[in-house]
Structure formats: C-alpha cells, structure tokens
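The following exercises are intended for a reader meeting this structure for the first time. Each task is followed by a solution in steps.

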Amino acid sequence: MKYSRLTKEQFEELHQEFINFLASQSITADEWEQIKKNKPEVAEDELDVFSDLIWEGVLEKVTYLEHFSKHQMYLFNITMAEIKLVAVKVENEAIDITTREGYQWLQSNLLDDAVNLFTSTKAVSEDRNKDIFALIKQGAVITKGQLFEYFNDMVENN
C-alpha cells in the first residue's frame, strides 16, 4: 500500500465508487460478501488498492496545503516541479495563532518584530504525490491557497 487505507467513514462516503471499483473487476455484491467471509486477506488487498486509487486522484489535484501550530503557519504551493513554502513564525509565547484571538492578533500585527516571515523552495521528488502525502500525514490540510497567495504577495512586495 502506497498511502494509507481510507477510514470507515471515508469508505461509507465513497460507497458507490467502491461498488463501481468492484464492478470494474467483475466482482458482484454476492462475490464480495464471499471474499470477505472466505478470503479476508483478498478483501483487505482490495480495500488497500481502492484506497490508493482514491488518494492518487486526490493528490493529483492538490496545489495548496496549510499547516498551523501554536506559533507557526506553513503555507505550501505545490506545482509539478517545486514546493514553495511561506512560513510565518510568531516569537511571542503568549500568542497562539490556532485560536481566533491569536489569529486576529497576527492579522493586526504582521509588521510586529515578533512576526517573522520566511520563504523557501525545493524541487518536487520523482513522486510528487508521495511528497504531498507526507505533508498531509504531518498535519497539513488541502486548501484553495488564499493564505499562501496573501502572504506570498506580502513577501514579494517587500
């Protein structure tokens, strides 16, 4: 398995897609029940293959990721060739940017000496999707990129 198995909830959400996946392999509902009962290892393999297919489809479309911690925000823009990072670090222990108040403080105090902006770029490895999945496993979430674009413009214009 290349990524991770989908959760029970994710499988439930993708119930129809899973039925179509089984149908594409000429496995009927009755046959699937028999496989689950008599060959659980084969059923496990099918769940893993389906999970990887879903992850591949999702990861192919990812362009932006965000990861927040108490004092840092990592904003990623992922192209086919590189991963661009804009990082925001708050050097004030009293500020927690994962809270509404802390984030509002950050918005109002971007030019404060306690706020540092960093940028970095690195080449995507041979397996772009695996790079993205590694960031997601560390806690990053897929976004539309508004924060990345805002902070990237700020860095480029200063």
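In which helix is asparagine 129 found? Asparagine 129 is found in helix α6. The model examined here and in the exercises below is a predicted one.

**Exercise 1. Determine whether asparagine 129 is buried or exposed, and list its contacts outside its own stretch of sequence.**

Solution. 
Step 1. The relative accessibility of asparagine 129 is 4%. Buried means under 20%, so asparagine 129 counts as buried.
Step 2. When neighbours within four places in sequence are left aside, asparagine 129 is in contact with Tyr3, Glu56, Leu59 and Glu60.

**Exercise 2. Describe how α6 is placed in relation to the rest of the structure.**

Solution. 
Step 1. Count the buried residues: seven of the 10 residues of α6 are buried.
Step 2. Name them: they are Arg128, Asn129, Asp131, Ile132, Phe133, Leu135 and Ile136.
Step 3. Find their partners. The buried residues of α6 pack against helix α4 and against the strands β1 (64-68), β2 (72-78), β3 (82-90) and β5 (141-143).
Step 4. Conclude: because seven of its 10 residues are buried, α6 is largely enclosed by the rest of the structure.
Step 5. Look beyond the helix: α6 is followed by glycine 139, whose phi is positive, near 120°.

**Exercise 3. Characterise the aromatic pair of phenylalanine 18 and phenylalanine 50, then that of tryptophan 55 and phenylalanine 133.**

Solution. 
Step 1. Two quantities are required: a pair of aromatic rings is described by the distance of the centres and the angle of the planes.
Step 2. A search of the whole structure finds 12 aromatic pairs. In one of them, phenylalanine 18 and phenylalanine 50 lie 5.0 Å centre to centre, with 75° between the planes. Planes over 60 degrees apart count as edge-to-face, and this pair is edge-to-face.
Step 3. Phenylalanine 18 belongs to helix α2 (residues 15-24) and phenylalanine 50 to helix α4 (residues 40-61), so the pair ties together parts that are 32 residues apart in sequence. Both phenylalanine 18 and phenylalanine 50 are buried.
Step 4. Tryptophan 55 and phenylalanine 133 also form an edge-to-face pair, with 4.8 Å centre to centre and 80° between the planes. This pair links distant parts of the chain, 78 residues apart: tryptophan 55 is in helix α4 and phenylalanine 133 in helix α6.
Step 5. Tryptophan 55 is buried, at a relative accessible area of 15%, and phenylalanine 133 is buried at 7%.
Step 6. Ring pairs also link Phe11, Phe18, Phe21, Trp32 and Phe50 into a cluster.

**Exercise 4. Describe the largest pocket by its volume, its lining and the classes of its residues.**

Solution. 
Step 1. The space in the largest pocket is about 300 Å³.
Step 2. Its lining consists of 16 residues, and His15, Phe18, Leu22, Trp32 and Lys36 lie nearest its centre.
Step 3. At least two lining residues come from each of α1 (8-13), α2, α3 (29-38) and α4.
Step 4. Sorted by class, the lining has 10 nonpolar, two polar and four charged residues.

Terms used
Residues numbered from 1 in each chain as written. Predicted model: local features only at pLDDT ≥ 70, side-chain atom pairs only at ≥ 80, totals over all residues. Heavy atoms only, no water. Phe/Tyr/Trp six-rings, centres within 6.5 Å; stacked < 30°, edge-to-face > 60°. Helix = DSSP H or I, 4+ residues; strand = E, 2+ residues; numbered from the N terminus. Buried < 20%, exposed > 50% of the residue type's maximum accessible area, 1.4 Å probe, protein only. 1 Å grid on protein atoms, 1.4 Å probe; cavity = no way out; pocket = protein on both sides within 12 Å on 5 of 7 lines; lining within 4 Å. Points joined across faces, edges and corners; volume = space filled by probe spheres on them. Nonpolar A, V, L, I, M, F, W, Y, C, P; charged D, E, K, R; others polar. Contact = heavy atoms within 4.5 Å.
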